[in-house]
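Subject: Structure handover

Hello,

Please find the structure below, followed by notes on what was found in it.

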Amino acid sequence: MKMLVTGATGKLGTKIIDTLLKTVPASQLAVSVRNPEKAERLRVRGVEVRHGDFDHPETLVSAFAGIDRLLIISADGDNETRIRQHTDAVAAAEGAGVKFIAYTSLGNASESKLFLAPPHKATEEAILKTGIPYSFIRNNWYLENEISSIQGVIAGAPWVTSAGSGKVGWAPQQDYAEAAAAVLSGTSHENTVYELSGKLMTQEEFAFALGAALGKEVPVHQVDDAKYSDIMKGAGVPEFIIPFLVDIQKGVRDGGLEIESEDFEKLLGRPATPINEVLSQIINQISQTNN
């Protein structure tokens, strides 16, 4: 059985491959990457490195040739670009005769009103239309997405948010990676949907956990979207990113990530890693970097 992971040199892809290599022979693994030279460390470990560029669909058909189980990691970019890239990848998988497609999606993708949802909904629909057995791995939110805000708090800033009382199911990227690896390499995952979410928390609850890990109180400033935008601009966040951040806050405020699930336990045999553990790890990493 041959398995392939796309985007394997990215942060999530790297973690997924490293997890797979703990239990799967390297000879059964292949990766599809835009720049094969960046995957040299995987080639050295015995993983087959193939050239596959989401912007050049013709490379994907050959990249997916002879693959039994495929994991498509969602690409970066604007919604229109991602929809094109993902649907091209699905078409290439169908053309190559892939027998199983797993896809890293977004929480409640088929119904979500989050501005990030359209590419995930479109990709899931494209996979369903192929009739190929599938698994949709719907990830809630990476705790690592908050690192820049955590760095600000360490430097003395408050926790600033316009997300109101909306809840998020934060979990570390490693947990999501291990879940994806379990789906790709495991059995009985055909035609499944997994909603992966950590313990749901408000911004205040998150800030309290962060304060406990830091050993200090972290004040929370709830502001409106306009003020949040101004604060982000004042903090030096690039202007083109700010609308994205504001939309995330709005989506959280509207309940877009408030998805309760025990699917981590189904796939990993345990809940998501407790948030205090992950925060302590991140704080230590930040400290080491600063030193």
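Which residues of strand S1 (residues 3-6) are buried on one side, and which on the other? Met-3 and Val-5 are buried on one side, Leu-4 and Thr-6 on the other, so both faces of the strand are covered. Buried means under 20% relative accessible area, exposed over 50%, and partly exposed in between, with a 1.4 Å probe and protein chains only. Strands (E, at least two residues) and helices (H or I, at least four) are DSSP runs numbered from the N terminus.

This is a predicted model, in which local features need pLDDT of at least 70 and side-chain atom pairs count only at pLDDT 80 or more, while totals for chains, interfaces and linings use all residues. Residues are numbered from 1 along each chain as its sequence is written, and side-chain values use heavy atoms, with hydrogens and water left out.

Strand pairing

S1 pairs in the parallel sense with strand S2 (residues 29-33) over 4 bridges; two strands pair if DSSP finds at least two bridges between them. Val-5 stands opposite Val-31 in S2. Between these strands the chain passes through helix H1 (residues 11-20), and this β-α-β crossover is right-handed. That term means that, with the strands pointing away from the viewer, the path from the first strand over the helix to the second runs clockwise. S1 also pairs with strand S4 (residues 69-72), in the parallel sense over 3 bridges, and there the bridge partner of Val-5 is Leu-71.

In strand S6 (residues 134-139), 6 of 6 residues are buried. Tyr-134, Phe-136 and Arg-138 lie on one side, and Ser-135, Ile-137 and Asn-139 on the other. S6 pairs in the parallel sense with S5 over 6 bridges, where Thr-104 has Ile-137 as its bridge partner. The crossover from S5 through helix H5 (residues 117-130) to S6 is right-handed. S6 and S10 pair in the parallel sense over 5 bridges, with Phe-136 opposite Val-193.

Nonpolar core

The largest nonpolar core has 36 residues, and those with the most contacts inside it are Val-5, Ile-16, Ile-17, Leu-20, Val-31, Leu-71 and Leu-196. Such a core is a set of buried Ala, Val, Leu, Ile, Met, Phe, Trp, Tyr and Cys residues joined through side-chain atoms within 4.5 Å. Elements that give two or more residues to this core include S1, H1, S2 and helix H7 (173-185). H7 gives the most, with 7 residues.

Pocket

The second largest pocket has a volume of about 290 Å³. A pocket is an open set of points on a 1 Å grid over the protein atoms alone where a 1.4 Å probe fits, with protein on both sides within 12 Å along at least five of seven lines; lining residues have an atom within 4 Å of a point. Points are joined across faces, edges and corners, and the volume is the space filled by probe spheres set on them. Its lining has 17 residues, of which Ser-197, Gly-198, Lys-199, Pro-271 and Ala-272 lie nearest the centre.

Loops

Most residues other than glycine have a negative phi. Asn-108, in the loop between S5 and H5, has a positive phi of about 55° and is partly exposed at 29% relative accessible area. Ser-188, in the loop between H7 and S10, has a phi near 65° and is exposed at 62%.

Regards
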